[in-house]
Amino acid sequence: MKFRKKVLPLQSVMKKIFLIVFSVLCLAAVAVGIEQYYRMFVCNITANDGDTHLLYVYPDASLDSVIDVIAQTHDIASPWNLRFHCRLMKFTAPKVGCYMLNQKEGDVALIRRLRGGEQTPVEVTFNRIRTRSQLAKRLSEQLLMDSAEVAQRLESNEYMSQFGLKRETAVCLFIPDTYQLYWTISPDALFQRMEKEYKHFWTDERDRKAKKIGLTRDGVATIASIAEEETNKDFEYPIIAGLYLNRLNKGMPLQACPTIKFAWQDFSLRRILNRHLEIDSPYNTYKNAGLPPGPIRIPRASTMDAVLNYTPSDYLFMCASADFNGTHHFSSTYAEHARYAKEYQAELNRRNIK
């Protein structure tokens, strides 16, 4: 008995082929959909070092240039997908600003931040600043602003008058700390923020203390600035403040060497000689009685508090220790001071410090 091989009709074969192709296409579509979802909402960008980074978008930056910057710190798994999602979300130009790049980023979240200008504040500090030009430069290094615009405001008596200050005391508005600011903050908004911090520091209690010792806010900052230039030993600040207050109360010139360096604008001077004392400057406290026109650096809040809470004494003189350990000898008589000064001058000569 012979068996015949069963032959499927053509229609049935085509149907099977269609089902197979359809299944493959469905699987492919699902795979593409999963990948798109993953790249859009989970992760398409991964930090090379596993850490967060700040992305700075400058004016006139293009989308391509921003992607290039991102690629410097992050691995973009699918640049094509990133660009495709930008087109899908009709995103063509990021807003100027500073943005946080997380360890892992989905395209949608990043695009929304860049499109909406959802910036991350940057930390701004300005410690160890002596001059207005230094302050303007330091701020422009940390914020998207022209140092000339900041300097112009600091140098303007008319502008600073709105804060109760003038060009010589303009730096008093800036109390050293770490501030959270938007990178794109305008110069005017920056000064307004500093005014807020300034008013926060100058409480009624601090104003009462300043008035009690016969100083204005600017005067407190000025003595604090001189103290900080005299030493980096915090425990000496209230002693130095008391000494200078004694001199002021007796009508004696301050004779503070740091003010001479400021007058010459030469902060590298290690030895003040008689020729340095001849400079014609309102900051020459050897020639001029009273306080100089303003601070010779931006003092810290803690140092201003040291002035307000000075240590009472009868000291009128101070001399750096011949041990060169950063401390000072304080004296109430010139004879005692002269002895310490002779020891210090001898040590300067021994070390060949000119």
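# Fold extent and charge pairing

Contacts between residues 24 or more positions apart make up 65% of the protein's contacts with a separation of 6 or more. The model is predicted. The protein contains 14 helices and nine strands. Its radius of gyration is 34 Å, well over the 20 Å that the globule rule gives for 354 residues, so the protein is more spread out than a compact globule.

**Overall extent and surface**

- The C-alpha trace spans about 140 × 50 × 35 Å along the principal axes of the protein.
- Of the 354 residues in the protein, 42% are buried.

**Charges across the whole structure**

- Over the whole structure, a search finds 20 salt bridges.
- A network of salt bridges links R130, E228, E229, D234, R297 and R300.

**Salt bridges within a helix**

- K137 and E141 form a salt bridge through their side chains, with an N to O distance of 2.5 Å.
- Helix α5 (residues 132-142) holds both K137 and E141, which are four residues apart, about one turn of the helix.
- K137 is partly exposed, its relative accessible area being 49%.
- K209 and E205 also meet in a side-chain salt bridge, at 3.8 Å from N to O.
- These two residues, K209 and E205, are four residues apart in helix α9 (residues 204-212), so about one helical turn separates them.
- K209 is partly exposed at 26% relative accessible area, and E205 is partly exposed at 46%.

- The side chains of R167 and E155 form a salt bridge with an N to O distance of 2.6 Å.
- R167 lies in the loop between α7 (157-160) and β7 (179-181), while E155 lies in the loop between α6 (147-154) and α7, so the pair ties together parts that are twelve residues apart in sequence.
- Both partners are partly exposed: R167 has a relative accessible area of 27%, and E155 has one of 33%.

**Buried glutamates**

- E347 is located in helix α14 (residues 334-350).
- With a relative accessible area of 13%, E347 is buried, since the cut-off for that class is under 20%.
- Apart from neighbours within four places in sequence, E347 is in contact with A322 and F324.
- E236 sits in the loop between α10 (217-230) and α11 (237-250).
- E236 is buried yet has no salt bridge. The nearest side chain of opposite charge to E236 is K233, 8.2 Å away, whereas a salt bridge requires a nitrogen of Lys or Arg within 4 Å of a carboxyl oxygen.
- Not counting residues up to four places away in sequence, E236 touches T231, G326, T327, H328 and F330.

Terms used. Residues numbered from 1 in each chain as written. Predicted model: local features only at pLDDT ≥ 70, side-chain atom pairs only at ≥ 80, totals over all residues. Heavy atoms only, no water. Rg over C-alpha atoms; globule rule 2.2 N^0.38 Å. Buried < 20%, exposed > 50% of the residue type's maximum accessible area, 1.4 Å probe, protein only. Contact = heavy atoms within 4.5 Å. Lys, Arg positive; Asp, Glu negative; His and termini not counted.
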